[in-house]
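Colleague: I would like to learn how to read the features of a fold from its atoms, one idea at a time. Could we begin with the general idea in each case and then turn to the example?

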Amino acid sequence: MEVIVKENYEQMSRLAAEMIADLVRSKPRSVLGLATGSTPVGTYKELIRMHKEDGLDFDQVVTFNLDEYVGLPTTHTESYRYFMNDNLFNHINIRKENTHVPDGLAKDVTASCTEYERMMVEHGGIDVQLLGIGGNGHIGFDEPGSSLASRTRVKTLTKETREDNSRFFASIDEVPKYAITMGIGTILDTRRVILLANKESKADAISAAVEGPITAMCPASALQLHPAVTIITDKAAASKLTGNYPAEPHRLILK
Ligand code: PGA
(Lines give C-alpha, C1' and ligand atoms only; values in the text may rest on other atoms or scores of the structure.)
Protein backbone atom coordinates (compact mmCIF):
# COMPACT_ATOMS: atom_id res chain seq x y z
CA MET A 1 0.00 0.00 0.00
CA GLU A 2 1.25 3.43 -0.88
CA VAL A 3 0.18 6.05 1.67
CA ILE A 4 0.54 9.73 0.79
CA VAL A 5 -0.16 12.40 3.37
CA LYS A 6 -1.01 15.82 1.94
CA GLU A 7 -1.25 19.07 3.84
CA ASN A 8 -4.96 19.58 3.25
CA TYR A 9 -8.11 18.59 1.34
CA GLU A 10 -7.29 20.72 -1.73
CA GLN A 11 -3.86 19.10 -2.20
CA MET A 12 -5.32 15.63 -1.63
CA SER A 13 -8.01 16.27 -4.26
CA ARG A 14 -5.53 17.71 -6.76
CA LEU A 15 -3.25 14.68 -6.57
CA ALA A 16 -6.16 12.25 -7.02
CA ALA A 17 -7.40 14.22 -10.04
CA GLU A 18 -3.87 14.29 -11.55
CA MET A 19 -3.60 10.50 -11.20
CA ILE A 20 -6.98 9.98 -12.88
CA ALA A 21 -6.16 12.52 -15.61
CA ASP A 22 -2.82 10.77 -16.31
CA LEU A 23 -4.70 7.53 -16.87
CA VAL A 24 -7.35 9.13 -19.10
CA ARG A 25 -4.66 10.81 -21.22
CA SER A 26 -2.70 7.58 -21.68
CA LYS A 27 -5.81 5.42 -22.19
CA PRO A 28 -8.73 7.39 -23.65
CA ARG A 29 -11.06 4.38 -23.22
CA SER A 30 -10.31 4.13 -19.50
CA VAL A 31 -12.84 2.49 -17.22
CA LEU A 32 -13.17 4.52 -14.03
CA GLY A 33 -14.78 3.26 -10.83
CA LEU A 34 -16.32 6.25 -9.06
CA ALA A 35 -17.57 7.06 -5.59
CA THR A 36 -20.06 9.47 -4.05
CA GLY A 37 -19.99 11.25 -0.68
CA SER A 38 -18.37 14.52 0.34
CA THR A 39 -14.76 13.26 0.02
CA PRO A 40 -14.42 12.98 -3.81
CA VAL A 41 -16.21 16.27 -4.59
CA GLY A 42 -12.92 18.22 -4.69
CA THR A 43 -11.42 15.63 -7.06
CA TYR A 44 -14.42 15.94 -9.37
CA LYS A 45 -14.15 19.76 -9.28
CA GLU A 46 -10.51 19.53 -10.32
CA LEU A 47 -11.33 17.05 -13.14
CA ILE A 48 -14.02 19.49 -14.37
CA ARG A 49 -11.46 22.31 -14.30
CA MET A 50 -8.98 20.15 -16.25
CA HIS A 51 -11.68 19.41 -18.82
CA LYS A 52 -12.68 23.07 -19.23
CA GLU A 53 -9.23 24.66 -19.08
CA ASP A 54 -6.84 21.96 -20.31
CA GLY A 55 -9.15 20.01 -22.64
CA LEU A 56 -9.07 16.75 -20.66
CA ASP A 57 -11.19 14.52 -22.90
CA PHE A 58 -13.78 12.11 -21.47
CA ASP A 59 -15.42 11.26 -24.80
CA GLN A 60 -14.42 7.56 -24.68
CA VAL A 61 -14.30 7.13 -20.90
CA VAL A 62 -16.59 4.57 -19.25
CA THR A 63 -17.57 4.75 -15.57
CA PHE A 64 -19.07 2.41 -12.98
CA ASN A 65 -20.20 3.77 -9.63
CA LEU A 66 -19.72 1.82 -6.45
CA ASP A 67 -23.21 1.97 -5.05
CA GLU A 68 -26.76 3.31 -5.04
CA TYR A 69 -29.59 3.51 -2.54
CA VAL A 70 -32.45 1.08 -3.05
CA GLY A 71 -35.79 2.78 -3.64
CA LEU A 72 -34.74 6.32 -4.60
CA PRO A 73 -35.65 7.44 -8.12
CA THR A 74 -32.76 8.90 -10.13
CA THR A 75 -34.52 12.29 -9.96
CA HIS A 76 -34.20 12.29 -6.13
CA THR A 77 -31.46 14.74 -5.20
CA GLU A 78 -29.94 12.21 -2.77
CA SER A 79 -29.77 9.37 -5.31
CA TYR A 80 -26.21 8.64 -6.32
CA ARG A 81 -27.10 8.90 -10.02
CA TYR A 82 -28.30 12.46 -9.36
CA PHE A 83 -25.13 13.20 -7.37
CA MET A 84 -22.86 11.98 -10.16
CA ASN A 85 -24.70 13.94 -12.86
CA ASP A 86 -24.67 17.04 -10.70
CA ASN A 87 -21.07 16.84 -9.42
CA LEU A 88 -19.31 15.49 -12.52
CA PHE A 89 -21.08 14.09 -15.56
CA ASN A 90 -23.08 17.23 -16.47
CA HIS A 91 -19.87 19.29 -16.56
CA ILE A 92 -17.59 17.13 -18.74
CA ASN A 93 -17.91 15.61 -22.22
CA ILE A 94 -18.64 12.07 -21.04
CA ARG A 95 -21.36 10.16 -22.90
CA LYS A 96 -24.20 9.48 -20.46
CA GLU A 97 -24.65 6.00 -21.94
CA ASN A 98 -21.07 5.24 -20.85
CA THR A 99 -21.84 6.06 -17.20
CA HIS A 100 -23.16 3.25 -15.01
CA VAL A 101 -24.70 3.46 -11.54
CA PRO A 102 -26.42 0.44 -9.93
CA ASP A 103 -30.19 0.49 -10.54
CA GLY A 104 -31.82 1.20 -7.18
CA LEU A 105 -35.28 0.68 -8.66
CA ALA A 106 -34.60 -2.67 -10.37
CA LYS A 107 -37.54 -5.09 -10.07
CA ASP A 108 -35.18 -8.07 -9.95
CA VAL A 109 -32.32 -6.70 -7.85
CA THR A 110 -30.30 -9.91 -7.86
CA ALA A 111 -30.38 -10.15 -11.66
CA SER A 112 -29.49 -6.47 -11.92
CA CYS A 113 -26.43 -6.94 -9.64
CA THR A 114 -25.26 -9.91 -11.73
CA GLU A 115 -25.72 -7.83 -14.88
CA TYR A 116 -23.69 -4.97 -13.34
CA GLU A 117 -20.77 -7.33 -12.70
CA ARG A 118 -21.10 -8.71 -16.25
CA MET A 119 -20.96 -5.21 -17.75
CA MET A 120 -17.75 -4.41 -15.86
CA VAL A 121 -16.13 -7.54 -17.32
CA GLU A 122 -17.49 -6.73 -20.80
CA HIS A 123 -15.75 -3.34 -20.63
CA GLY A 124 -12.45 -4.99 -19.71
CA GLY A 125 -12.60 -4.34 -15.95
CA ILE A 126 -12.05 -1.20 -13.92
CA ASP A 127 -8.71 0.55 -14.50
CA VAL A 128 -8.85 2.73 -11.41
CA GLN A 129 -11.35 2.69 -8.54
CA LEU A 130 -11.81 5.83 -6.47
CA LEU A 131 -12.92 5.17 -2.89
CA GLY A 132 -13.88 7.09 0.23
CA ILE A 133 -13.93 5.42 3.63
CA GLY A 134 -16.61 5.40 6.31
CA GLY A 135 -15.86 6.27 9.92
CA ASN A 136 -16.48 2.55 10.60
CA GLY A 137 -14.03 1.44 7.87
CA HIS A 138 -16.64 0.70 5.23
CA ILE A 139 -15.89 1.08 1.51
CA GLY A 140 -18.82 1.51 -0.85
CA PHE A 141 -21.68 0.27 1.29
CA ASP A 142 -19.67 -2.77 2.34
CA GLU A 143 -20.22 -2.42 6.05
CA PRO A 144 -18.19 -4.15 8.80
CA GLY A 145 -18.83 -7.88 8.61
CA SER A 146 -19.09 -7.91 4.80
CA SER A 147 -17.45 -10.93 3.21
CA LEU A 148 -14.02 -10.07 1.84
CA ALA A 149 -15.03 -12.10 -1.26
CA SER A 150 -18.39 -10.35 -1.76
CA ARG A 151 -19.65 -9.22 -5.18
CA THR A 152 -22.26 -6.61 -6.17
CA ARG A 153 -25.37 -7.20 -4.05
CA VAL A 154 -27.93 -5.59 -1.72
CA LYS A 155 -26.72 -4.65 1.76
CA THR A 156 -28.59 -3.43 4.82
CA LEU A 157 -27.09 -0.14 5.99
CA THR A 158 -25.86 0.04 9.58
CA LYS A 159 -27.39 2.47 12.05
CA GLU A 160 -24.09 4.40 12.07
CA THR A 161 -24.05 4.85 8.30
CA ARG A 162 -27.72 5.87 8.22
CA GLU A 163 -27.00 8.42 10.96
CA ASP A 164 -23.89 9.70 9.09
CA ASN A 165 -25.96 10.15 5.92
CA SER A 166 -29.06 11.57 7.61
CA ARG A 167 -27.51 15.05 7.28
CA PHE A 168 -28.50 14.91 3.61
CA PHE A 169 -32.15 13.99 4.30
CA ALA A 170 -34.99 15.79 6.11
CA SER A 171 -34.92 13.14 8.86
CA ILE A 172 -33.29 9.78 9.60
CA ASP A 173 -36.58 8.05 8.72
CA GLU A 174 -36.12 9.17 5.11
CA VAL A 175 -32.65 7.58 4.78
CA PRO A 176 -33.04 4.36 2.78
CA LYS A 177 -32.41 1.14 4.70
CA TYR A 178 -30.83 -0.77 1.83
CA ALA A 179 -28.29 -0.10 -0.88
CA ILE A 180 -26.78 -1.94 -3.83
CA THR A 181 -23.00 -1.97 -3.62
CA MET A 182 -20.04 -3.48 -5.40
CA GLY A 183 -18.58 -6.14 -3.14
CA ILE A 184 -15.13 -6.17 -1.57
CA GLY A 185 -14.20 -8.93 -4.04
CA THR A 186 -15.38 -6.67 -6.88
CA ILE A 187 -13.17 -3.84 -5.61
CA LEU A 188 -10.18 -6.17 -5.19
CA ASP A 189 -10.53 -7.11 -8.89
CA THR A 190 -9.91 -3.53 -10.07
CA ARG A 191 -6.45 -2.75 -11.49
CA ARG A 192 -5.71 0.16 -9.22
CA VAL A 193 -7.37 1.76 -6.19
CA ILE A 194 -7.16 5.36 -4.97
CA LEU A 195 -8.70 5.77 -1.50
CA LEU A 196 -9.19 9.30 -0.19
CA ALA A 197 -9.73 10.34 3.41
CA ASN A 198 -9.76 13.72 5.06
CA LYS A 199 -10.73 15.02 8.50
CA GLU A 200 -10.02 13.70 11.98
CA SER A 201 -13.27 11.67 11.93
CA LYS A 202 -11.52 9.26 9.50
CA ALA A 203 -8.30 8.88 11.51
CA ASP A 204 -9.33 5.68 13.34
CA ALA A 205 -10.62 4.05 10.14
CA ILE A 206 -7.41 4.94 8.24
CA SER A 207 -5.24 3.61 11.06
CA ALA A 208 -7.19 0.32 11.11
CA ALA A 209 -7.19 0.00 7.31
CA VAL A 210 -3.46 0.70 6.84
CA GLU A 211 -1.80 -0.55 10.01
CA GLY A 212 -4.38 -2.94 11.50
CA PRO A 213 -5.03 -6.60 10.72
CA ILE A 214 -7.02 -7.65 7.67
CA THR A 215 -10.49 -8.16 9.01
CA ALA A 216 -14.07 -8.06 7.78
CA MET A 217 -14.72 -5.74 10.73
CA CYS A 218 -12.76 -3.06 8.83
CA PRO A 219 -13.65 -3.66 5.17
CA ALA A 220 -11.01 -1.16 3.93
CA SER A 221 -8.30 -3.35 5.52
CA ALA A 222 -8.99 -5.86 2.71
CA LEU A 223 -7.16 -3.41 0.43
CA GLN A 224 -3.92 -4.70 1.98
CA LEU A 225 -4.50 -7.69 -0.35
CA HIS A 226 -4.65 -5.46 -3.45
CA PRO A 227 -1.35 -5.01 -5.33
CA ALA A 228 -1.85 -1.38 -6.41
CA VAL A 229 -3.48 0.81 -3.77
CA THR A 230 -2.72 4.47 -3.18
CA ILE A 231 -4.22 5.99 -0.04
CA ILE A 232 -4.19 9.79 -0.07
CA THR A 233 -5.12 11.60 3.14
CA ASP A 234 -4.90 15.03 4.66
CA LYS A 235 -2.89 15.55 7.88
CA ALA A 236 -5.92 15.08 10.14
CA ALA A 237 -6.99 11.71 8.69
CA ALA A 238 -3.36 10.51 8.99
CA SER A 239 -3.02 11.66 12.61
CA LYS A 240 -3.33 8.17 14.11
CA LEU A 241 -0.88 6.43 11.75
CA THR A 242 2.40 5.45 13.38
CA GLY A 243 4.49 5.05 10.19
CA ASN A 244 6.24 7.88 8.35
CA TYR A 245 4.51 8.46 5.05
CA PRO A 246 5.62 10.76 2.22
CA ALA A 247 3.75 13.70 0.75
CA GLU A 248 4.43 12.63 -2.85
CA PRO A 249 3.81 9.37 -4.72
CA HIS A 250 6.80 7.18 -5.71
CA ARG A 251 6.27 7.99 -9.39
CA LEU A 252 7.11 11.65 -8.77
CA ILE A 253 10.17 10.76 -6.72
CA LEU A 254 11.34 8.35 -9.43
CA LYS A 255 10.98 10.92 -12.23
P1 PGA B 1 -17.90 10.84 2.97
O2 PGA B 1 -18.37 9.32 2.99
O3 PGA B 1 -17.05 10.99 1.75
O4 PGA B 1 -19.18 11.65 2.86
O5 PGA B 1 -17.15 11.08 4.23
C6 PGA B 1 -17.42 8.33 2.72
C7 PGA B 1 -18.06 6.97 2.95
O8 PGA B 1 -18.93 6.85 3.83
O9 PGA B 1 -17.67 6.01 2.27
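Modeller: Let us start with burial: a residue is called buried under 20% relative accessible area, exposed over 50%, and partly exposed in between, with a 1.4 Å probe and protein chains only. In the protein chain here, 54% of the 255 residues are buried. This is a predicted model, in which local features need pLDDT of at least 70 and side-chain atom pairs count only at pLDDT 80 or more, while totals for chains, interfaces and linings use all residues. Residues are numbered from 1 along each chain as its sequence is written, and side-chain values use heavy atoms, with hydrogens and water left out.

Colleague: How should I read the radius of gyration, and which value does the protein chain have?

Modeller: The radius is taken over C-alpha atoms, and the globule rule is 2.2 Å times the number of residues to the power 0.38. Because a compact globule of 255 residues would come out near 18 Å, the 17 Å of the protein chain agrees with that rule. The C-alpha atoms fill a box of roughly 50 × 40 × 35 Å along the principal axes.

Colleague: Which secondary-structure elements does the protein chain contain, and how many?

Modeller: Helices (H or I, at least four residues) and strands (E, at least two) are DSSP runs numbered from the N terminus, and the protein chain has eight helices and 10 strands.

Colleague: What is a nonpolar core, and which residues touch the most other members of the largest one?

Modeller: In soluble globular proteins, nonpolar side chains tend to be buried together. A nonpolar core is a set of buried Ala, Val, Leu, Ile, Met, Phe, Trp, Tyr and Cys residues joined through side-chain atoms within 4.5 Å. The largest core here holds 31 residues, of which Phe64 and Leu195 touch the most other members. Among the elements that give this core two or more residues are strand S3 (62-65), helix H4 (109-122) and strand S9 (193-197), while the largest share, four residues, comes from H7.

Colleague: Which residues does Phe64 contact, beyond its neighbours within four places in sequence?

Modeller: Contact means heavy atoms within 4.5 Å; with those neighbours left aside, the partners of Phe64 include Val31, Leu34, Tyr116, Met119 and Met182.

Colleague: And is Val193 buried or exposed?

Modeller: Val193, which lies in strand S9, is buried, with a relative accessible area of 0%. Not counting residues up to four places away in sequence, Val193 touches Leu131, Ile187 and Leu223, among others.
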